[in-house]
Amino acid sequence: MSFPQRCKVCEKRDKFDFHVADEVWAQVVPEPYRNRVVCLGCFDAFASQKGVRFAGAMLNGMTFAGDAAHLALQIRGFVERPG
């Protein structure tokens with residue numbers, strides 16, 4: 001992955017490379033964006049609009065790409081807010 005990438009929905013710099021199951025991506029992301037870069041914030045907004053809760057096992061991995069460091073993040077658990 002080359003950085004900086006830009007989200008094709010909001011055009012902001014995408015600092016988080018994240019992975020979800022293909023089925024979840026297809027369920028959440030609208031067709032015009034499915035083969036494009038979608039930032040975590042826009043993905044979350046699409047999921048919220050569709051009532052899809054993707055926390056936990058559905059989020060398979062994440063990398064942060066900042067200006068000073070690139071970090072591979074491990075997901076060991078999650079806390080889901082009510083609502």
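## Cysteines, core and a pocket in a predicted model

C10 is found in the loop that runs between strand 1 (5-6) and strand 2 (13-14).

**Cysteines**

- Leaving aside neighbours within four places in sequence, C10 is in contact with C39 and C42.
- C10 and G41 are 31 residues apart along the chain, while their C-alpha atoms are separated by 9.1 Å.
- C39 counts as buried, because its relative accessibility of 12% is under the 20% limit.
- Taking a disulfide as a pair of cysteine sulfur atoms within 2.5 Å, the count for this model comes to zero.
- C10 is in no disulfide, and the nearest cysteine sulfur to it, which belongs to C7, is 3.8 Å away.
- C39 is likewise in no disulfide, the nearest cysteine sulfur being that of C42, at 3.6 Å.

**Nonpolar core**

- The largest nonpolar core holds 16 residues, and the members that touch the most others are W25, V28, V38 and F43.
- Strand 3, helix 1 and helix 2 (40-50) are the elements that give two or more residues to this core, and helix 2 gives the most, with four residues.
- F43, one of the core members that touch the most others, is in contact with F18, V20, V24, W25, V28, V29, V38 and F54 when residues up to four places away in sequence are not counted.

**Second largest pocket**

- The second largest pocket has a volume of about 230 Å³, and its lining is made up of 14 residues, of which D17, F18, W25, R36 and V38 lie nearest the centre.
- Strand 3 (16-20) and helix 1 (22-28) each supply at least two residues of this lining, with the largest share, five residues, coming from strand 3.
- By residue type, the lining of this pocket divides into seven nonpolar, five charged and two polar residues.

Definitions and conventions: Residues are numbered from 1 along each chain as its sequence is written. This is a predicted model: local features need pLDDT of at least 70, side-chain atom pairs count only at pLDDT 80 or more; totals for chains, interfaces and linings use all residues. Side-chain values use heavy atoms; hydrogens and water are left out. On a 1 Å grid over the protein atoms alone, a cavity is a set of points where a 1.4 Å probe fits but cannot get out, and a pocket is an open set with protein on both sides within 12 Å along at least five of seven lines; lining residues have an atom within 4 Å of a point. Grid points are joined across faces, edges and corners, and a volume is the space filled by probe spheres set on the points. Ala, Val, Leu, Ile, Met, Phe, Trp, Tyr, Cys and Pro count as nonpolar, Asp, Glu, Lys and Arg as charged, and the others, Gly among them, as polar. A nonpolar core is a set of buried Ala, Val, Leu, Ile, Met, Phe, Trp, Tyr and Cys residues joined through side-chain atoms within 4.5 Å. Buried means under 20% relative accessible area, exposed over 50%, partly exposed in between (1.4 Å probe, protein chains only). Contact means heavy atoms within 4.5 Å.
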